[in-house]
Amino acid sequence: MQIILFGPPGVGKGTQAKLLAEKFKIMHISTGDILRRAIAQGTELGNKAKDVIGAGKLVSDDIMIGIIRNVITSNGCKNGFVLDGFPRTVVQADALKKMFSELNIAIDAVIYIDVDDDEIMNRLKYRYSCSKCHSIYNIHNDKIYDYICTECGGNLIQRDDDKPETVLKRLKVYKEATAPVKKFYEDEGFLHVVDGFGKIENVYNKINLILKN
Ligand code: AMP
């Protein structure tokens, strides 16, 4: 199973990708998580990505395409994968298409999760994640106590780039660089659009229905 999930920041790609990866026993490839891990470890990649992410901009296509090639050809992806956060530009989408054709990989579905800007601002303002197990919370809706993860007891923290001023920049970058990827996959005939409003399980069910068909 090879799935691409995409859409604006905060639509729930990460949450849905995690559920799909568990269900189909495939790898969840989150390029944002890969970069944040590299930053936490202070690697060369992390040092390059830190300021770019903090500014709400995109890491260069060359770097991202290199990362994806390494992950996709790794053993962990033998059963398939769900891509979350890649491709984010038409250059990346084009490189992925070539990579898939070279590696004989077929995409099962490209799923675009759709919500409007107001909802995104609202969701990201309240999005916190566990510093240990990376579980995601909405501190407005979820029952949490003292910013402690109910899964593992780790501390809940807000991503620097989820602060409202950076979210506005990320939305602008999304519209300029990433929105055209939707047209790319429409033209390829792979695109499915899912309404991302509402409960996590409802969105998940809609995605599963698409995958079933
Ligand atoms: P995410 O967790 O997917 O929202 O990604 C966080 C940040 O990592 C983005 O705002 C970008 O700065 C960077 N990033 C993640 N994936 C990509 C990508 N495919 N291309 C460029 N930058 C990326």
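This is a predicted model: local features need pLDDT of at least 70, side-chain atom pairs count only at pLDDT 80 or more; totals for chains, interfaces and linings use all residues.

Trainee: OK, back to the ligand. Which residues come nearest?

Mentor: There are 16 residues around the ligand, and Thr31, Arg36, Lys57, Gly85 and Gln92 come nearest. A residue counts as near if one of its heavy atoms lies within 4 Å.

Trainee: Where is threonine 89?

Mentor: In the loop between strand 3 and helix 5. Helices (H or I, at least four residues) and strands (E, at least two) are DSSP runs, numbered from the N terminus.

Trainee: Is threonine 89 buried or exposed?

Mentor: Threonine 89 counts as buried because its relative accessibility is 10%. Buried means under 20% relative accessible area, exposed over 50%, and partly exposed in between, with a 1.4 Å probe and protein chains only.

Trainee: What is threonine 89 in contact with?

Mentor: Leu58, Asp61, Ala177 and Val181, leaving aside neighbours within four places in sequence; contact here means heavy atoms within 4.5 Å. A polar atom of its side chain also lies 3.0 Å from the backbone nitrogen of glutamine 92.

Trainee: Let's switch to the fold. How do the strands of the open sheet line up?

Mentor: Five strands, in the order 2-3-1-4-8, with parallel pairing. Two strands pair if DSSP finds at least two bridges between them. The edges are strand 2 (27–30) and strand 8 (191–195), each pairing on one side only.

Trainee: How many bridges join strand 4 to strand 8?

Mentor: Five, and the two run parallel. Isoleucine 111 stands opposite histidine 192 in strand 8.

Trainee: Which strands does helix 8 lie across?

Mentor: Helix 8 (residues 200–212) lies across strand 1, strand 4 and strand 8, at about 155° to strand 8. Helix 2 lies across strand 2 and strand 3, at about 70° to strand 2. The axes are lines fitted to C-alpha atoms, for helices over the stretch in contact, and angles run from 0 to 180 degrees between N-to-C directions.

Trainee: What's in the largest nonpolar core?

Mentor: It has 31 residues, and Ile4, Phe6, Ile29, Ile68, Leu83, Leu96 and Tyr185 touch the most other members. A nonpolar core is a set of buried Ala, Val, Leu, Ile, Met, Phe, Trp, Tyr and Cys residues joined through side-chain atoms within 4.5 Å. The largest share, six residues, comes from helix 4. There's also a second, separate core of 22 residues, including Ile111 and Leu211.

Trainee: One more topic: strand 5. Which strand does it pair with over three bridges?

Mentor: Strand 6 (residues 136–138), in the antiparallel sense. Tyrosine 128 stands opposite tyrosine 137 in strand 6. The hairpin has five residues between the strands, and histidine 134 takes a positive phi near 65° there.

Trainee: And strand 7?

Mentor: Strand 7 (residues 156–157) runs antiparallel to strand 5, joined by two bridges. Serine 129 stands opposite isoleucine 157 there.

Trainee: Why does serine 129 count as buried?

Mentor: Because its relative accessible area is 17%. Both faces of strand 5 are covered, with Arg127 and Ser129 buried on one side and Tyr128 and Cys130 on the other.

Technical notes
Residues are numbered from 1 along each chain as its sequence is written. Side-chain values use heavy atoms; hydrogens and water are left out. A polar contact is a pair of N or O atoms within 3.5 Å; within protein, one must be able to donate a hydrogen and the other to accept it, and residues adjacent in sequence count only if both atoms are side-chain atoms.
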